[in-house]
Amino acid sequence: MKLSDAVELASRKYEQLVFLPIGYLKNQAEGLPGLNVGLAVAERLIEYAAPERPKFLASCLQELINEAEGAVLVLSRIEVLFESSLVTDPLKLLKACSRQKTLLVEWPGYLSPSSLTYATPSHPEYRQYRLADLKDVIVLSAN
């Protein structure tokens, strides 16, 4: 599936979420607004004491997405969402934030035909999502 087809399809869904391998958008996302999630979230959450940050993460990310112009937004550097001290499920958070704008998310882990994986099983931030459980999410591979 081409990127333009994925964006069109996602825009018609309740949760408008497309996952891509890092580097996929190199020449295809020209003109699309982007958000470095790690940098932007860190700048906002630094105002809060560490134990308070999990309470503000979802609203912080949603505000950043809402502030960006356009109907499509590229999210990069999402690794901060896997930080165990933030006590969140990154996929659930991204799905919730994608209801009003199509999000093209550069996935920092491994994309396979059957799953999205971040880190290794022994790593504290490890996450694996079966694609069979993600029927409304679009995943584009590097091929």
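The chat below goes through the sheet, the helices, the aromatic rings and the salt bridges.

Q: What should I know before we start?
A: This is a predicted model, in which local features need pLDDT of at least 70 and side-chain atom pairs count only at pLDDT 80 or more, while totals for chains, interfaces and linings use all residues. Residues are numbered from 1 along each chain as its sequence is written, and side-chain values use heavy atoms, with hydrogens and water left out.

Q: OK, what is the strand order in the open sheet?
A: The open sheet has five strands in the order β2-β3-β4-β1-β8, with parallel pairing; helices (H or I, at least four residues) and strands (E, at least two) are DSSP runs numbered from the N terminus, and two strands pair if DSSP finds at least two bridges between them. The edge strands are β2 and β8 (138–139), each of which pairs on one side only.

Q: And how many bridges join β3 to β4?
A: Four bridges join these parallel strands, β3 and β4, and Leu75 has Val105 in β4 as its bridge partner.

Q: Which strands does α4 touch on the sheet?
A: Helix α4 packs on the sheet and touches β1, β3 and β4 (contact means heavy atoms within 4.5 Å). The direction of α4 makes about 130° with that of β1, where axes are lines fitted to C-alpha atoms, for helices over the stretch in contact, and angles run from 0 to 180 degrees between N-to-C directions.

Q: Is α4 largely enclosed or largely open, and why?
A: It is largely enclosed by the rest of the structure, because six of the eight residues of α4 (residues 90–97) are buried; buried means under 20% relative accessible area, exposed over 50% and partly exposed in between, with a 1.4 Å probe and protein chains only. The buried residues of α4 are Pro90, Leu91, Leu93, Leu94, Lys95 and Cys97, and what covers them includes α3 (53–67) and β7 (127–130).

Q: Switching topic, how many aromatic pairs are there?
A: The structure holds five aromatic pairs, counting rings of Phe, Tyr and Trp (its six-membered ring) whose centres lie within 6.5 Å, with planes under 30 degrees apart called stacked, over 60 edge-to-face and the rest tilted. The rings of Phe19 and Trp107 have centres 5.2 Å apart and planes at 85°, so this pair is edge-to-face. Phe19 lies in strand β1 and Trp107 in strand β4, so the pair ties together parts that are 88 residues apart in sequence.

Q: Are Phe19 and Trp107 buried or exposed?
A: Both Phe19 and Trp107 are buried. Phe19, Phe82, Trp107, Tyr118 and Tyr129 form one aromatic cluster.

Q: What about salt bridges, how many turn up?
A: A search of the whole structure finds eight salt bridges, each being a side-chain nitrogen of Lys or Arg within 4 Å of a carboxyl oxygen of Asp or Glu. Glu67 forms one with Arg44, the closest N and O atoms being 2.6 Å apart. Glu67 lies in helix α3 and Arg44 in helix α2, so the pair ties together parts that are 23 residues apart in sequence.

Q: And which residue forms a salt bridge with Asp89?
A: Asp89 forms a salt bridge with Arg127, where the closest N and O atoms are 3.8 Å apart.
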